[in-house]
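Please go through the briefing below with the model open beside it. The points are grouped by topic.

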Amino acid sequence: MTALPIIDSSASQANPPARRRAAMPPRHLADLDPAERRAAVADLGEREFRAGQLSTHYFGRLVRDPAAMTDLPAATRARLAESMLPSLLTPVRELTCDDGATRKTLWRLHDGSLVESVLMGYPDRVTVCVSSQAGCGMACPFCATGQAGLTRNLSTAEIVDQVVSFAAIAASGAIPGSPARLSHVVFMGMGEPLANYPRVINAVRRLTDPAPDGLGLSQRHITVSTVGLVPAIRRLTAEGLSVTLALSLHAPDDELRDELVPVNQRWKVAEVLDTAWAYAEQTGRRVSIEYAMIRDVNDQPWRADLLGELLSGRLAHVNLIPLNPTPGSRWDASPKPVEREFVRRLRAAGVPTTVRDTRGREIDGACGQLAASGVGQ
């Protein structure tokens with residue numbers, strides 16, 4: 001077995017950001033539920049129904065410009081928008097590939113933190129991959145975001161605003177060969193979503209609440225990933241949501257997973273999988289097992305066989321991910337013949353297996369790569 005360094009998450013932040021950088025952004029309409037929005041508007045001395053008008057503009061029409069909100073009184077339009085729809089994300093760099101069907105944006109937050117999100121257009125859907133934290137504290141050594149350490153959690157609205165921004169692009173018809181409506185959201189960008197649990201769950205509810213209270217997406221079209229925070233998975237099981245749980249496993253044995261996914265030193269493979277199966281049983285939703293294929297590290301045939309044994313007969317499928325290496329990294333993707341044999345063995349064990357479409361390699365498509373490149377610093 002190739003020995004990999006176990007990286008202490010505290011060590012990855014030897015030079016933590018200054019305290020002022022940890023300040024959360026100003027309150028935004030998307031941070032609030034409908035009742036809270038009405039109360040906030042009333043506190044501004046306005047009629048409560050104005051909250052519904054603002055929600056219709058933001059979630060229903062994907063509009064932020066106060067000048068376009070002509071159903072609001074001209075005298076208070078700017079003040080309402082400034083208070084309830086403050087600017088949260090400033091694009092620093094936007095890159096496209098796949099003839100415009102894949103778009104990656106590096107955003108600067110109000111405190112200077114950088115996060116990324118990616119839009120991917122397909123013939124039958126438009127998907128956005130969003131960040132839930134600036135950086136990540138999970139310290140997985142093969143991940144660009146994990147190497148950066150954690151700066152802070154994102155607010156509910158900072159998460160939602162990534163989706164709304166790309167929903168507006170999709171609605172404009174700018175994604176060639178794709179529907180003019182964003183339909184799927186995956187929490188697989190920067191950060192560990194379940195480490196920012198309350199805000200991520202609130203964001204899921206904003207995205208799936210019917211318009212104009214929310215964006216009106218299907219819960220079944222939302223995927224929430226985790227490296228295996230067992231208590232948080234149990235909380236998610238009790239939420240009554242029908243989102244897809246994606247478990248970033250990356251190794252079927254504790255010896256290797258302790259190194260690839262340091263949180264495994266706290267919750268071992270068996271406990272993490274048992275908790276995932278409880279989620280599947282409660283929701284009826286198939287668990288997605290994420291597995292980054294890393295050359296000569298976790299791609300051995302015996303590990304494919306062991307993974308097949310662990311998953312056989314379970315409500316799960318495997319999503320193999322060809323590693324998108326970061327510049328200068330010693331990690332590399334498994335060769336295609338090795339990948340094909342891994343797939344063959346899993347399918348022979350009766351485990352549904354797919355290989356993720358490798359979008360965005362030429363635009364630093366893996367989470368954390370664009371931020372790690374120094375752009376916007």
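This is a predicted model. Mean pLDDT for the protein chain is 90. Of its residues, 89% reach 70 or more. Residues 1–21 are a stretch where pLDDT stays under 50.

**Confidence**
- Over residues 1–21, the model has 35 contacts beyond four places in sequence.

- The model has an open sheet of 10 strands with mixed pairing.
- Its strand order is β1-β2-β3-β4-β7-β8-β9-β10-β11-β12.
- The edges are β1 (90–97) and β12 (353–355), each of which pairs on one side only.
- On average, neighbouring strands of this sheet are turned by 20 degrees against each other, direction ignored.
- Strand β11 (residues 316–322) runs parallel to β12, and 3 bridges join the two.
- Val-318 stands opposite Thr-353 in β12.

**Thr-226**
- Thr-226 sits in strand β8, which covers residues 222–226.
- Its relative accessibility is 1%, so Thr-226 counts as buried; the cut-off is under 20%.
- A polar atom of the Thr-226 side chain lies 3.3 Å from the backbone nitrogen of Leu-229.
- Beyond four places in sequence, Thr-226 is in contact with Glu-192, Leu-194, Ile-233, Leu-245, Ala-246, Leu-247 and Ser-248.
- Phe-187 is 39 residues from Thr-226 along the chain, and their C-alpha atoms are separated by 8.9 Å.

**Gln-133**
- Gln-133 belongs to strand β5 (residues 133–135).
- Is Gln-133 buried or exposed? Gln-133 is buried, because its relative accessible area of 2% falls under the 20% cut-off.
- The side chains of Gln-133 and Asn-153 make a polar contact at 2.8 Å.
- Leaving aside neighbours within four places in sequence, Gln-133 has contacts that include Val-115, Leu-150, Arg-152, Asn-153 and Leu-154.
- Met-190, Gly-191, Glu-192, Ala-195 and Asn-196 are also among the contacts of Gln-133.
- Glu-192 is in contact with Gln-133 and with Thr-226.

**Cysteines**
- How many disulfides does the structure hold? The structure holds 0 disulfides.
- Cys-140 is in no disulfide. The nearest cysteine sulfur belongs to Cys-143 and is 6.4 Å away.
- Cys-140 counts as buried, because its relative accessibility is 8% and the cut-off is under 20%.

Methods
Residues are numbered from 1 along each chain as its sequence is written. This is a predicted model: local features need pLDDT of at least 70, side-chain atom pairs count only at pLDDT 80 or more; totals for chains, interfaces and linings use all residues. Side-chain values use heavy atoms; hydrogens and water are left out. Helices (H or I, at least four residues) and strands (E, at least two) are DSSP runs, numbered from the N terminus. Buried means under 20% relative accessible area, exposed over 50%, partly exposed in between (1.4 Å probe, protein chains only). Contact means heavy atoms within 4.5 Å. A polar contact is a pair of N or O atoms within 3.5 Å; within protein, one must be able to donate a hydrogen and the other to accept it, and residues adjacent in sequence count only if both atoms are side-chain atoms. Two strands pair if DSSP finds at least two bridges between them. Axes are lines fitted to C-alpha atoms, for helices over the stretch in contact, and angles run from 0 to 180 degrees between N-to-C directions. A disulfide is a pair of cysteine sulfur atoms within 2.5 Å. pLDDT is the predictor's confidence in each residue, from 0 to 100.
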